[in-house]
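I wrote each one down as I looked it up.

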Amino acid sequence: MEEKFEPKIVAFVCNWCTYTGADLAGTSRLKQQPNARLIRVPCTGRIDPVFILKAFESGADGVLVSGCHPGDCHYNAGNFHARRRWIMFRELAEFTGIDSSRLHFSWVSASEGKKWVDVIDGVTETVRQKGPFDQYRKMARNIELPIMEEEGVEI
Amino acid sequence: MDQLRSVCRQAISENKAAFIIGYTEDKHHHLKPFIAHNVEETEKLTFNCNAVNNLAVFIHRFHNPSQGKIGIVLKPCDLKAINALVQENRVKREDLYVIGVNCSGVVKDQNKEFSKENTQIKCRSCASKTPAWFDVVVGESAEFELPEDDMAILMKQIDEMTPEQRLEFWNAEFEKCLKCYACREVCPMCYCEQCIADKTEPRWIESSSTTRANFTWNMIRAFHQAGRCIGCGECDRVCPADIPLSLLNRKMGMVAFKEFGYRHGTDMNAPTLIGTFSTSDHEEFIR
């Protein structure tokens, strides 16, 4: 029997808003898709695009980046800096073939447990429809080393 | 280029510059970067359509304000790199003695004569044949016919692809990458003391040369140039695998202009793009 595809979602969440929001969703016993692996960072401003690529490298089918609403940042301006970076990175990712159905962004505050559930369900559903990101994983092919024995060289 | 030599001689003898970064001719009549430290050495300096290198990259290697000013020979396109470096506080305008040259395009292949086909890709979309500012300017610029900009054509083709096709296209390109980091070494905007690709704890970018690791490296390189690349096309020129690297940079530049009306390297007093933000940046893509 064929196994149903379950997408792996990596979610980078900020400590002050989204992580607490997700915690609220848990303590409120709201039902949500179990596909997301949360990675807590101090602030969305800490999220370097290399994290996102690293997540895809490590086998993620989709990535979600989430933090405080603009103006709510614990460090005042972290999410504004992040937003500008996302605008640029999103276009770069799109141009190189990581389309917007695999890379998601959201603002979820500490009180928005319900919104977190909606976001995570929405993202999971979109990525599930898109299917596994095999095309990216295939890139990690092993380099074929030349066979030394044929030339009579002892290894 | 007697005019250039006399200007350089004067600059050193009158102490306007401690040394001059310029071009010299080798035995194959190719031009290569050259540093003239004294009046005698300025005789070796020259400039013609073979002057492909962007000399702004040497500023980081030789910048020492206590030594005196750096004299540097710059084409109009390379001058943008200086604007950008001043913007990013890498060098002070006062520490430079800029010898601008009026440019009539540079060749792609130094073994062949200058012709419509034999021009650098950057020249194909270039509108500035005279430097925007300088301490002294030499040479004459001549009009030349511009061939078609094949990078713009390629960009259009990629824009029309599906995401899967794009990934496939870039896979095929990055598969060729050797990770020689020539693109980084030659780039005037790549000046980090320690590059993220060289960091080992944690190792963000795999050092092996698999397609996936190459993809990460080239993506990060392009992103670190986002809104910073001045479009000198040196990465394209030095790439031994002929990957159209400047395509990614050009795309980022277009996004910076489209979203923020920003062009790097045009105004040395402007704040940088990524270093600043606006509360009204658009966010319709954020849930």
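**Entry 1: a helix at the end of chain B**

I began with helix H9 of chain B, residues 245-260. (Helices, H or I of at least four residues, and strands, E of at least two, are DSSP runs numbered from the N terminus.) H9(B) has 16 residues and reaches 23 Å from its first C-alpha to its last, close to the 22 Å expected at 1.5 Å a residue. The expected span is 1.5 Å times one less than the number of residues.

A note on the source before I go on: this is a predicted model, where local features need pLDDT of at least 70 and side-chain atom pairs count only at pLDDT 80 or more, while totals for chains, interfaces and linings use all residues. Residues are numbered from 1 along each chain as its sequence is written, and chains are lettered from A and ligands numbered from 1 in the order in which they are written.

Next I listed the buried residues of H9(B); among them are Leu245(B), Leu248(B), Met252(B) and Val255(B). I call a residue buried if 20 or more other C-beta atoms lie within 10 Å of its own, exposed if 12 or fewer, and partly exposed in between, with C-beta atoms placed from the backbone. What do the buried residues of H9(B) pack against? I found H3 of chain A, together with helices H4 (150-159), H6 (182-186), H7 (211-224) and H8 (234-238) of chain B. Just after H9(B), Gly261(B) takes a positive phi of about 60°.

Because 16 of the 19 residues are buried, H3(A) is largely enclosed by the rest of the structure.

I then looked at how the chains meet: 33 residues of chain A are in contact with 33 residues of chain B. (Contact means C-beta atoms, placed from the backbone, within 7 Å.) On the chain A side, helix H2 (49-57), helix H3 (78-96) and strand S4 (103-107) each give two or more residues. H3(A) gives the most, with 13 residues. By class, I noted 17 nonpolar, seven polar and nine charged residues on this side of chain A. Here Ala, Val, Leu, Ile, Met, Phe, Trp, Tyr, Cys and Pro count as nonpolar, Asp, Glu, Lys and Arg as charged, and the others, Gly among them, as polar.

**Entry 2: Pro163 of chain B**

Pro163(B) sits in helix H5 of chain B, residues 163-174. Is Pro163(B) buried or partly exposed? I have it as partly exposed, because 19 other C-beta atoms lie within 10 Å. Leaving aside neighbours within four places in sequence, Pro163(B) is in contact with Gly97(A) and Asp99(A). I also checked Asp150(B), 13 residues from Pro163(B) along the chain: their C-alpha atoms are separated by 22 Å.

**Entry 3: the domains of chain B**

Chain B is divided into domain 1 (2-138) and domain 2 (150-260), with bounds from an automatic or database domain assignment. Their C-alpha centres lie 26 Å apart. The contact takes 15 residues from domain 1 and 14 residues from domain 2. On the domain 1 side, the largest share, six residues, comes from helix H3 (residues 76-87) of chain B.

**Entry 4: the sheet of chain A**

Chain A has five helices and four strands, and along the sequence I read β-α-β-α-β-α-β-α-α. The four strands form an open sheet in the order S2-S1-S3-S4, with parallel pairing. (Two strands pair if DSSP finds at least two bridges between them.) S2 (36-41) and S4 are the edge strands, each pairing on one side only.

Strand S1 (residues 9-14) pairs with S2(A) over six bridges. I found Val13(A) bridged to Arg40(A), and Val10(A) opposite Arg37(A). How many of the six residues of S1(A) are buried? I counted six of six. Ile9(A), Ala11(A) and Val13(A) point one way, and Val10(A), Phe12(A) and Cys14(A) the other way.

Terms used
Two residues are in contact if their C-beta atoms, placed from the backbone, lie within 7 Å.
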